[in-house]
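User: I would like to go through the terms used for this model and see what each of them rests on. Please set the values against the definitions.

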Amino acid sequence: MTWVIANFSQIWRLTLDHIALSVPPILLGFLLAVPLGWIAHRYKPSRAILLTAGGLLYTVPGIALFISLPVILGTRILDPVNVIVAMTIYAVALLVRTAADAFDAVSGDVRQSSIAVGYGPIRRFFEVELPLAGPVLLSGLRVVSASTVSLVSIGSLIGVSSLGYFFLNGLNRRFPTEIFTGIVGVIVIAVVFDLILVLIGRLLLPWAHVARQREGRGRRATA
Amino acid sequence: MNSFLGALAWLADPANWAGDNGIPIRLLEHLAITGIAVLIAAVIGISLGLFIGHTGRLSFLVVSTTGALRALPTLGLLVLFALWLGVGLAPVIIVLVILAIPPLLAGAYAGVESVDRGTIDAARAVGMTEWQILTRVEIPLGLPIIVGGLRSAVLQVVATATIAAYLPIGGLGRYIFDNLSLRRFEPVFAGAILVTVLALVLEGVFAGIQRLTVPKGVRILRGSPAPYGAGRAARIEPDASPTGSSSDESDPVPPPAHHMQQHPTQ
């Protein structure tokens, strides 16, 4: 505990580095995956291609991706951009499938009704399909958020600064407290991100929460 | 792109295919580490998952382990165990087993859970014992999803076994960590290519096995336009649909089917 207090400024700096590496992939992944998922949902031939490509990208091991990106992008091997791009690729790969499923799940009747009352394609997407796909998208985003925060620490193996630094340094110095600090830090960031996402969900998708509660109550009543 | 050609040249060099540090040895080490870890995890995870799925007891275990483990940084766990048990194979295997249990557990649970309740009731009605129901109804019908769990466990372990080479053990990760600090990037990049190809091959093999394990009757059902139960029985991808899940308890974590989405890529 004394170590934690004595090194608080370093812990805080690495925590900020970790957050700075985690946030862009989560946001970018979401922004890229939603339109791609919609295309996969809307145009049958594209579905197999997009979902297969996502599945294959998702299969590439993280450390292999970190190392390969500088070669492909022409960046330096220590560039934090590599980590951000790699994590964004994973986020997109994972979320495209979720987004396609989420749009698939929007009831055809509701879609037809919105066409019938005169919604154009753009308005239909933003005011009908996207909100109704919202709860599933959110659950996918929470998975992406947790795994991104945990995976960013691997970047420390190629020298990119994050809480993962404490793992390697703790091993070298044979000092478990330091490793624990890193693990706890990563988990705290993941939990905080998750709470923020849940909160955003409550604000933007209030009906999902209400519907779920009602469903829960109904289930209990019938049980 | 020069490094890419360099890596290919490195891979083509016969010298790198011979000896203790040769590609075949490193590949076998990687597969052995993966195999041992997945085997141990499967004994624990699959039997527990089948028990939970069949009895419906302890189902909170599935949700809590799969959810909590996603945020746990594997590298941190790895170095912690290495410090505790000494550097060697033991900490690596333990961490890989911990990592592989959740997808196996969730796969076995979701596999049994996916079997139509009516089918199970019918089996019970014709006088099958609980053991017969498990082995002759629930496991065969749920097998594609159970194999799906195995598939994500294997991929995750293959990827993580790579970073486990940071502790001096064998496997393809050796090429990466032995050469990274020396700034010899050809073997580093070649190691990354080898691991990626291995992961893709295993992914393909398991996708094939998954397809083969769909019971004949279910396959016919999938082909037919009849909506009768097809929706449930036909879900062979465990991570396919977060919406297809049946038991979505209120909040903190997304539905069980979704829980299968582990990151295979540490």
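Analyst: One definition comes before the rest: UniProt annotations may be inferred rather than shown by experiment. The model itself is predicted.

User: Where does UniProt place the feature "transmembrane region" in chain B?

Analyst: The unreviewed entry puts this feature at residues 30-53, 60-84, 90-112, 153-177 and 189-209 of chain B. In the model, residues 30-53 of chain B are 100% helix and 0% strand, with end C-alpha atoms 32 Å apart. Residues 189-209 of chain B are likewise 100% helix and 0% strand, and their end C-alpha atoms lie 30 Å apart.

User: Which residues of chain B does the annotation "domain: ABC transmembrane type-1" cover?

Analyst: That annotation, also from an unreviewed UniProt entry, covers residues 27-206 of chain B. The span is 85% helix and 0% strand, and 18 Å separates its end C-alpha atoms.

User: What makes up the secondary structure of chain B as a whole?

Analyst: Chain B has 12 helices and zero strands. Of its 266 residues, 52% are buried, the cut-off for that word being under 20% relative accessible area. Among contacts in chain B between residues at least 6 apart in sequence, 70% join residues at least 24 apart.

User: Turning to chain A, why is the packing of H2(A) and H9(A) called oblique?

Analyst: Helix H2 (residues 8-42) and helix H9 (residues 176-204) of chain A pack at an angle of about 45 degrees, and their axes are 11 Å apart.

User: Why is A:Ala105 called partly exposed?

Analyst: A:Ala105 has a relative accessible area of 43%. Buried means under 20% and exposed means over 50%. The value lies between these limits, so A:Ala105 is partly exposed. A:Ala105 belongs to helix H5 (residues 80-105) of chain A.

Note on methods. Residues numbered from 1 in each chain as written. Chains lettered and ligands numbered in written order. Predicted model: local features only at pLDDT ≥ 70, side-chain atom pairs only at ≥ 80, totals over all residues. Heavy atoms only, no water. Helix = DSSP H or I, 4+ residues; strand = E, 2+ residues; numbered from the N terminus. Buried < 20%, exposed > 50% of the residue type's maximum accessible area, 1.4 Å probe, protein only. Axes fitted to C-alpha atoms, helices over the stretch in contact; angles between N-to-C directions. Contact = heavy atoms within 4.5 Å.
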